[in-house]
There are 2 protein chains.
Amino acid sequence: MTESATSIPSDLAISRAAVPRPLTEVAAEMGIGPHLLEPYGNAAAKVSLDAIDELRDRPRAKYVVVSAITPTPLGTGKTTTSVGLGQGFKHIGKLGVVALRQPSMGPTFGIKGGAAGGGYSQVIPMESLNLHLTGDMHAVTAAHNLLSAMLANHIHKGNALRIDPHAVSWRRVLDINDRELRQIVTGLGGRTNGTPAETGFDITAASEVMALLALSTSLRDLRERLGRIVVGYNVDGEPVTAEMLKVAGAMCVLLRDAIKPNLMQTVEQTPVMIHCGPFGNIATGNSSVVADLIAIHGGDYLVTEAGFGADIGAEKFFNIKCRASGLTPDAAVVVAGVRDLKTHSGKYRVTAGKPLPEAMLVENPDDVYAGASNLRRQLANIRRHGVNPVVAVNAFPTDYESEQQAILDIAAEEGAYAAVSNHFTRGGKGAIDLAQAVAEACDQPSTYQRLYPDDMPLADKIETIAREMYGADGIDVSPLAARQLESYEHNGFGDLPVCIAKTHLSLTDDPTRKGAPTGWRLPVREVRASVGAGFIYPICGTMQTMPGLSSSPAAERIDIDDEGNIVGLS
Amino acid sequence: MTESATSIPSDLAISRAAVPRPLTEVAAEMGIGPHLLEPYGNAAAKVSLDAIDELRDRPRAKYVVVSAITPTPLGTGKTTTSVGLGQGFKHIGKLGVVALRQPSMGPTFGIKGGAAGGGYSQVIPMESLNLHLTGDMHAVTAAHNLLSAMLANHIHKGNALRIDPHAVSWRRVLDINDRELRQIVTGLGGRTNGTPAETGFDITAASEVMALLALSTSLRDLRERLGRIVVGYNVDGEPVTAEMLKVAGAMCVLLRDAIKPNLMQTVEQTPVMIHCGPFGNIATGNSSVVADLIAIHGGDYLVTEAGFGADIGAEKFFNIKCRASGLTPDAAVVVAGVRDLKTHSGKYRVTAGKPLPEAMLVENPDDVYAGASNLRRQLANIRRHGVNPVVAVNAFPTDYESEQQAILDIAAEEGAYAAVSNHFTRGGKGAIDLAQAVAEACDQPSTYQRLYPDDMPLADKIETIAREMYGADGIDVSPLAARQLESYEHNGFGDLPVCIAKTHLSLTDDPTRKGAPTGWRLPVREVRASVGAGFIYPICGTMQTMPGLSSSPAAERIDIDDEGNIVGLS
């Protein structure tokens, strides 16, 4: 093995030992003056959207999206690699700025116990990042649920818009893991308690308000997107919007601080913009447009993370996020690890939270090669968008050099830049090779292009993604989905991009199929619309939008000690 | 009439025109150094609880609670008077500090459109005060609902504590007006969605977590109170606590910032501590203990507001809040206005949101006298606790001098200090007389005492309050309530104070009965326990713990304008 895991302190210990710089200094390095900063405690500061204009004349950073091969239940370490790469630039004399999603609080108390990178590539302080931060998630919750209440109230108070109660799709949200809220009946107990309805709660990250906040380019754009949210249909089948319910303004007021991105820093004082955390399946899984619009003039390199594998997170980055922001990427990192490729060989059964199969820990570069197909497909997915890919071999203590070399060999066969990166154990110093590889890739011309034009029919957009990104032979659209697609086009939503909701654990719709399967078709069961966010989302599989808690939730181990310090986050 | 209402700009215009001082300076005036401050945006700063110890050696402020006669649907202007009085001290060469509850956001979008005082006696910026502020309400929501999820998960995952599903009293909360959530069924849709249960949501202000946060004296005390929360009973009838569910630690972690009070300022730069907003019926209706423990050494006078009339808010201040804090008051202001006393005459029917009856606007000091009984009773209620009362005649533009004089005459008959206060139209300058009256009252000896000893049986405590505060002839305890009282005493909760939940619109349990009715008995329908907060609360009437929205909610008028400013808050 390359390095000993036991030599590394716990994430929380590393986070606590790190020396933060005053955020005014972190901001100053990006060209953000103190008049554009609003401190929120000592952990984070909000950045005014005026920074977009004020920084416009500064040089434009190279724009690097970090994605991955299809993740395994182990996770590929995408956030850690993004942080490590950002830190790595400092060691080659450049300023990297990192843009990340805000972690959802529900899972923090469920299975994860925290999410802020790891080892010596972390955002600090991890306690603030994982708990409330500046309240953006709560603001999304409040705005979403105000619309729910105003909608129910409208129906209760006479229903002037003639909303069909059976055609209401807007639910409620909370940032929590609570399975009991998935399916509920509200409005019981008589007339004064409103009108009974079958509905439910999703986790806040799954809210359309979160999705559209992440895609908004300004407060005005946010206001307009909120107004376009479709909550359901009237008895004539016409869409009913938040604007028609006269609530979009109040929702925008609730979000007027949440739209400002949050500035934090890494353990090496590298600037990090934390903003928004939309789901990666029913939404884009990308951090906010406004954070990138500011940070694109804040350093030499802007490293932005896209959720899940390149077929999902990067595809949505290219075709939905960049479409909204107008920014074009210069390079795309694909994170891949020895364990991930071994899993994609199909030989091992890996389960989250359980020890790895012993056979998987034996030195075996052939197993890595056997899993190469997924990496090759993801590199092709990046290239299909005209962008240069860089393979980041995220080093683990259990790796052997021969195995890491196998990944570098695959990358070389594909003509892609590649580097092994030891940022987890060594911080930015361990990511120097990766930073250099990314810098070289960025120096090559990028011919970024989107995958499909706006005016392509919705079904064809879905089929294009299925064939060209996932490697499917085609799509099977259910009769329900076909009717829905027709209705969306009829209602004027046909120009929107599509945001496919499918499992992130496979290129196919079956989470157990590893590698890069061929000879299969993507079933489209149902199609929904996030008109405010600005995309149509076909449902290809079962999407869980409200997680549950396990038999032993992390909440049981999280507490304060006698000095008032938080324990149990990891 | 004494003054023209039209000469005063709108609350929002006054708030916007005010010039705030940097909060570090506001804090410095209180003796709070910058190391104890955490800025949250530019509107508010959190104050570290270390300030309690650091300020301990500074002189102790005179402690003044602001309560009122029994309010009418018009509201008596208690918050405005508290702010005005705090400002008034500056004009007599003293430093007043004001402690207020944080307004609940639900009603802001419902009927109220904001709550920050009014006219020239306001907390600024009103937008921040009314919207999220530093996120404390959301933190309470998150902590409360984490307990709900952990409780449901415990039952779903085998129910090792043998919790009786029919004896679960813990619900969920959201800071919103949403009548459809009052009564719901959760856990539908099959085994993976948990166990079906009949339950509901209350507004966050009604959460026991809010009540206990307001009464906690330290982070450690908070942790212990959270552990004592009783969520229901097991099949043997024994209480099940948050500690037994192993979630009190995680709840405390979620509240570690929320327990720090928020420093803001008034339009005249007077320091204001904003912290917690518990309901006034099923909880204490008082702002936090920790805010008062800090501010008691932060000026010459600490003005703290207690919700509703003196029979409710001040009684709970004396017997629950002061019991927790160990602080003892020096004087108690009773806010009374011409319109309020006229309403207590019983001659007029006043409805919130509708114009006043024309006859009520005619000069008529006799009508004021006819409503004196309520004021006399509330002054007696203050005196019963050994504290000197001061009547604050909150001047309205529609008042006549003869009518204001009538209130001063009643106060004189009762031997109470009194002053007319024009703080709404004139700010602190208008409250000089009131500040002087309060200062004089504080210079008299106070012989503060609680109404009943801890070891008095619970039913006797209820009867003592009913007789001595409300003027009832006795109480009628239902068989259910009697069983509950017996069970609470059996479970060791008998030493707790009682916090009576009844209408705030009458001294009786009938909101339509004005003045100070005699010859009636208080019915006790049911009794509940907030063991974490540390009180038993008898239910005397119907308490609405989740408001609804009207046909024309304030949310419809709240929006951002083209410059990004908020409009529609008032």
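Two strands are said to pair if DSSP finds at least two bridges between them, and helices (H or I, at least four residues) and strands (E, at least two) are DSSP runs, numbered from the N terminus. The model is a predicted one, in which local features need pLDDT of at least 70 and side-chain atom pairs count only at pLDDT 80 or more, while totals for chains, interfaces and linings use all residues. Residues are numbered from 1 along each chain as its sequence is written, chains are lettered from A in the order in which they are written, and side-chain values use heavy atoms, with hydrogens and water left out.

**Exercise 1. Determine which strands pair with β3(A), and in which sense.**

Step 1. Start with strand β16 (residues 301–305) of chain A, which runs parallel to β3(A) and is joined to it by five bridges; within this pairing, Val65(A) has Thr304(A) as its bridge partner.

Step 2. Turn next to strand β17 (residues 331–336) of chain A, which is likewise parallel to β3(A) and joined to it by five bridges, with Val333(A) as the bridge partner of Val66(A).

**Exercise 2. Explain why helix α9 of chain A is described as largely enclosed, and identify what covers its buried residues.**

Step 1. Seven of the 10 residues of α9(A), which spans residues 219–228, are buried, and for this reason the helix is largely enclosed by the rest of the structure.

Step 2. Among the buried residues are Leu222(A), Arg223(A), Arg225(A) and Leu226(A).

Step 3. The cover includes α8 (208–215), β13 (239–241), α10 (248–254) and α12 of chain A, together with β25 (559–560) of chain B.

**Exercise 3. Describe the interface of chain A and chain B by its area, its residues and its polar links.**

Step 1. Buried area is the accessible area (1.4 Å probe) that two parts lose on being put together, summed over both; between chain A and chain B it is about 5800 Å², of which carbon and sulfur atoms give 63%. In chain A, Glu180(A), Val253(A) and Ile560(A) lose the most area to chain B, together 11% of what that side buries.

Step 2. The contact takes 66 residues from chain A and 66 residues from chain B.

Step 3. A salt bridge is a side-chain nitrogen of Lys or Arg within 4 Å of a carboxyl oxygen of Asp or Glu, and the count between chain A and chain B is six. One joins the side chains of Asp178(B) and Arg172(A), at 2.9 Å from N to O. The largest share of the side of chain A that touches chain B, 10 residues, comes from helix α7 (residues 136–156) of chain A.

Step 4. Arg223(B) forms a salt bridge with Asp559(A), the closest N and O atoms being 2.9 Å apart. Because Arg223(B) lies in helix α9 (residues 219–228) of chain B and Asp559(A) in strand β25 (residues 559–560) of chain A, the pair joins two chains. Arg223(B) counts as buried, at 9% relative accessibility.

**Exercise 4. Find what the salt bridge of Arg521(B) and Asp476(B) ties together.**

Step 1. The closest N and O atoms of Arg521(B) and Asp476(B) are 2.8 Å apart.

Step 2. Arg521(B) lies in strand β22 (residues 521–524) of chain B and Asp476(B) in strand β20 (residues 474–477) of chain B, so the pair ties together parts that are 45 residues apart in sequence.

Step 3. Both ends are partly exposed, Arg521(B) at 41% relative accessibility and Asp476(B) at 38%.

Note on methods: Contact = heavy atoms within 4.5 Å. Polar contact = N/O pair within 3.5 Å; in protein donor to acceptor, adjacent residues only side chain to side chain. Buried < 20%, exposed > 50% of the residue type's maximum accessible area, 1.4 Å probe, protein only.
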